[in-house]
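Have the view open and follow the points in order.

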Amino acid sequence: MGKDNLKNLICSLWFVLPALALHAQPNDCRRAIVICDDRPFSFTPRFGAGLDDFLNPKNDQGCLERRENISVWFYFEFRKDMPPGYGISFTLSDSVRIRGQDYDFAIYGPNLTCDSLGSPVRCSFAQISPNQNIIRTGLGGGAVDTTEDLTGDGFVDSLIVQPGQGFFMLIDFFVGIGGTNFDSTLAQSFRLNWGGRAAPFLNCIANPNCDLVTVDAKPDTSICAGTTLNLTVSAANTNGNASVRWSGVGEADSFIEQRDSAITRITIPANAAGLFSFIATIGEGNCEHTDEIAVNVLPLPQPEITGERIICPGDTATLRAPPGFAAYRWSPGNETAPSILVTETREYGLTVTNHLGCQGTDTFTVQSKNLPSPTVLGDSILCPGESSQLTADPGYASYQWTNGDTVQTITVQTGDFYGVTLTDSDGCFVTGGTTVRNVIPQKPTLKGQSYFCEGTSTTIRANAGFQSYAWSNGSALDSAVVNTPGLLRLTVSDLNSCESVDSILITRRDNPVPVISGDRTFCSGGSTLLIATPGYKKLSMV
């Protein structure tokens, strides 16, 4: 069979080594063909001896007397899902049954490399049937020995294998047609049939040159926390079926976004800092290689804005960033100084960059206060002898009056301007005040007869222009009718509500008792003279 038939019968995964062309032949250990499954296959070697793998003192030819003549190397490996302790056997026979054809084999392993195969774990010569038309050898067949020479029956003990184990097998064309002819073009096909419970677990994705695989993961670098980074891995000397698996050590494992790609991205949390390790594992069957990346995560700077959070009316606030950063940027406005002056109510942002290029942020909210104009309540007029209580608006942290008082309500007794400064809990203040005047009240003028005759009364009047009148006899008019002797008192309130008092003594006079003297009789046609008691202002006869 040629190479086309080989590809159809087995999964021949050719390993392309750095110094090996694509058409390289499997007559050297490094060029071993991977056996994919337990299907029988036939093969015709056409490659000659190749490089002598047994020139290496670490490789023992075992029972193969002529080492490599017309040879082919295979590699078979068992999947990790195979139960432990299963057996593997096979039969190697002359598929065309031409007299004199002779194939021998040697098996090395488990899990060795072509540079250090040691001695074969199984090795045997083919045996020819009595009529010399069937040549067979292999594992099993009831044999208990592990190696044979020409005196044996061609079979050695089957192998008990474990999950993940791999073995190299050299099959060599020992004797050609006619006994001594080693012309590879004349070599005939052999056939290999698998047996044993381990056969179904033969692993097609295997790499016999696992020791040559190199893995390069990168980059080892330093980055700032809160950023992303692409990690890449590449591998040399795989057979093209390699898989990738990314993992992180400890906390770093949670940073990985995609685990099964040659390029993955990690997202570093903003609060992370320190050295983190990421591991790229390249796997091909049971062949695994890793490379580790060290990423130094630089902590983000932690700027803290300081300044006044409250802007009092008419003021500005200064916001300050910590010193020592390489760059500053405020928003809004994109100012680049370590401090800024602000006047508006809003949130201000700061981004700082340190000398490593890492950035940190902070925000600061400023509120501009608009305090109302203060109100001072109280009587602004001082009548003689009075005082006034002046009260400023409630709710302020402190009060400062121009007269020195520091309470909300003060008592004043003299006319003046009384100013007050009100300061709230944020230190913002407003000022106000009121003017208090001393007023001299207008006195009333009482007019009227201060006496009355018995059985009569007198009316006392006050001058007009007062806000209110209060007479001691109960009258609330600007006049009072008095028919009782005594002191009549009037209290008036002027337009400033100042009171003034006046009074008048009212007396009662007895009615006069006149005495008439004269003749009580007179003659008809005559008259008589009556004389009244003198001293009366007015007399009238009735």
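**Notes on a predicted model**

1. Let's begin with an open space. The second largest pocket has 13 lining residues, and Y75, E77, N111, L112 and C210 are the ones that lie nearest its centre. Bear in mind as you look that this is a predicted model.

2. How much space lies in that second largest pocket? The volume comes to about 170 Å³. Sorted by class, its lining has 6 nonpolar residues, 5 polar ones and 2 charged ones.

3. Rolling a probe the size of a water molecule over the atoms shows where empty space is left. For cavities of 30 Å³ or more, the count here is 1. The largest cavity holds about 40 Å³ of space.

4. Which residues line the largest cavity? They are L92, S93, D94, Y103, A126, I135 and R136. Two elements, β4 (86-94) and β8 (135-139), each give two or more residues to that lining. The largest share, 3 residues, comes from β4. By class, the lining of the largest cavity splits into 4 nonpolar, 1 polar and 2 charged residues.

5. Of the 542 residues in the protein chain, 41% are buried. If you take the contacts with a separation of 6 or more, 59% are between residues 24 or more positions apart.

6. For a closer look at strand pairing, go to β31 (residues 416-423). On one hand, strand β29 (residues 398-401) runs antiparallel to β31, and 4 bridges join them. Within this pairing, Q400 stands opposite T421 of β31. On the other hand, β31 is also antiparallel to strand β32 (residues 429-438), this time with 8 bridges. Here Y418 has T434 in β32 as its bridge partner.

7. Last stop, the turn. β31 and β32 make a hairpin, with 5 residues between the two strands. Which residue in the turn has a positive phi? Look for G427, where phi is about 85°.

Technical notes
Residues numbered from 1 in each chain as written. Predicted model: local features only at pLDDT ≥ 70, side-chain atom pairs only at ≥ 80, totals over all residues. Heavy atoms only, no water. Buried < 20%, exposed > 50% of the residue type's maximum accessible area, 1.4 Å probe, protein only. Contact = heavy atoms within 4.5 Å. Pairing = 2+ DSSP bridges. 1 Å grid on protein atoms, 1.4 Å probe; cavity = no way out; pocket = protein on both sides within 12 Å on 5 of 7 lines; lining within 4 Å. Points joined across faces, edges and corners; volume = space filled by probe spheres on them. Nonpolar A, V, L, I, M, F, W, Y, C, P; charged D, E, K, R; others polar.
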